[in-house]
Amino acid sequence: MFGQTSTTTTTPPPTERGLEDLDSAALAYAARIAGLPPERRGEARDDLVRFALPFAGRLARRYRGRGEPLEDLEQVARLGLVNAVDRYDPERGSFTAYAAITIVGEIKRHFRDRTWGVHVPRRLRDLILEVGQATAALTSELSRAPSVAELSARLETPQEEILAALESAAGYSPASLNAPVGGESSAEFGDLVGESDNALESVDDRVTVSGLLHRLPWRERRILAMRFYGNQTQAEIAARFGISQMHVSRLLSRALTWLRQAMLADAPPPWQNGAAEPDPGKTRISIRQNGDGVVVEVGGEVDRDGADQLRRAMLEAVNGQPSEVVVDLVGAGGFDAGGIAALMAGRDAAERTGVPLRLTRVQPAVRRSLTAAGLAPARD
């Protein structure tokens with residue numbers, strides 16, 4: 001049934017032969033499988049592949065010494081040989097030429113796509129191979145390494161592209177960052193590589209803020225430093241300055257708002273001017289006559305800075321021997337220890353002189369502080 005088993009069409013045994021033997025072996029293979037079903041062609045295909053393996057090995061050895069193990073190149077060449085056998089068509093010409101083109105193309109594709117440590121454009125990768133071949137040829141001819149100009153003349157390529165190819169060739173097999181620097185040192189290459197400093201992005205802002213801080217009053221500068229550099233709480237800052245925590249919060253908010261506006265403006269605005277609204281946290285004390293009596297109006301936060309002012313105002317009101325001294329606390333937001341001590345000093349002076357003294361219109365939070373200190377405000 002199968003007449004293709006004559007000795008004229010049998011693939012020659014895989015012995016050492018010249019390149020010209022491949023064409024006759026391929027023709028014999030084509031004749032052998034002509035009438036066979038696909039499942040019966042495997043043995044003939046394997047015979048031709050084994051017969052052509054030395055040819056694939058010789059092509060692979062042409063590319064040794066280029067950074068890839070010879071065993072890997074031989075595997076790639078054998079893959080190309082199998083592809084050539086599977087695609088072979090006797091009507092298209094010599095099997096030897098077709099197999100050589102297929103195997104070399106597979107090897108070049110391996111170098112181009114599988115062996116690079118970093119991404120390099122395909123055009124440069126092809127040029128790098130050409131530069132390598134031209135370098136080997138010119139070195140043999142000139143007995144020295146060729147110059148860039150000589151490589152450019154041989155390949156008819158601009159010198160800029162030759163230089164780019166030579167530089168990109170370093171990306172084929174980059175050095176490991178874990179490789180030792182050398183000698184007996186335990187340092188690695190990675191230790192010599194600098195890291196990105198994220199703080200560099202904030203240098204401009206830091207310099208700008210540093211200049212603006214000097215425009216703030218001393219107390220605001222000190223509070224900002226204690227809060228953001230000393231990492232102190234508002235309560236700790238309040239105790240240090242003898243003011244309430246609420247007052248510290250207002251001072252911080254006002255200072256930060258001014259800094260933000262100053263950084264966004266071409267010229268920093270003045271810290272305070274005539275059009276500015278009064279600071280709600282600042283101690284405000286006024287004295288007015290109310291018939292035969294005197295009314296001392298207190299507003300804002302009465303801290304250590306405002307305690308002396310309150311003490312003087314109450315002593316002045318009591319020493320005038322009015323019929324009554326009324327301390328109006330409707331605008332007072334808080335009293336620290338110094339402010340309460342000033343109220344107690346005014347109460348003691350009123351008791352010595354026999355002048356009645358009343359604390360009126362007290363805010364609930366302030367009432368609790370005064371009651372705890374023994375200053376019982378009048379019920380409004």
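Trainee: Happy to start here! At roughly what angle do the axes of helix α5 and helix α7 cross?

Mentor: Welcome! Keep in mind that this is a predicted model. Helix α5 spans residues 122–142 and helix α7 spans residues 159–168. Their axes come within 9 Å of each other. Angles of 65 to 115 degrees count as roughly perpendicular, and α5 and α7 are therefore described that way; the crossing angle is roughly 90 degrees.

Trainee: How do the residues of the contact of α5 with α7 divide into nonpolar, polar and charged?

Mentor: Let's look at each side in turn. From α5 come Arg-123, Leu-124, Leu-127, Ile-128 and Val-131. From α7 come Glu-161, Ile-162, Ala-164, Ala-165, Leu-166 and Ser-168. Sorted by type, they are eight nonpolar, one polar and two charged.

Trainee: Which kind of aromatic pair do Tyr-88 and Phe-95 form?

Mentor: A search of the whole structure finds one aromatic pair, made by Tyr-88 and Phe-95. Both residues are buried. Their ring centres are 5.0 Å apart, with 80 degrees between the planes. Planes over 60 degrees apart count as edge-to-face, and this pair is edge-to-face.

Trainee: Is Thr-283 buried or exposed?

Mentor: Thr-283 lies in the loop between α11 (245–264) and β1 (284–290). Beyond its neighbours within four places in sequence, Thr-283 is in contact with residues including Gly-299, Val-302 and Gln-309. Buried means under 20% relative accessible area. Thr-283 has 11% relative accessibility, so Thr-283 counts as buried.

Note on methods. Residues are numbered from 1 along each chain as its sequence is written. This is a predicted model: local features need pLDDT of at least 70, side-chain atom pairs count only at pLDDT 80 or more; totals for chains, interfaces and linings use all residues. Side-chain values use heavy atoms; hydrogens and water are left out. Rings of Phe, Tyr and Trp (its six-membered ring) pair if their centres lie within 6.5 Å; planes under 30 degrees apart count as stacked, over 60 as edge-to-face and the rest as tilted. Buried means under 20% relative accessible area, exposed over 50%, partly exposed in between (1.4 Å probe, protein chains only). Axes are lines fitted to C-alpha atoms, for helices over the stretch in contact, and angles run from 0 to 180 degrees between N-to-C directions. Helices (H or I, at least four residues) and strands (E, at least two) are DSSP runs, numbered from the N terminus. Angles under 35 degrees count as roughly parallel, over 145 as roughly antiparallel, 65 to 115 as roughly perpendicular and the rest as oblique. Contact means heavy atoms within 4.5 Å. Ala, Val, Leu, Ile, Met, Phe, Trp, Tyr, Cys and Pro count as nonpolar, Asp, Glu, Lys and Arg as charged, and the others, Gly among them, as polar.
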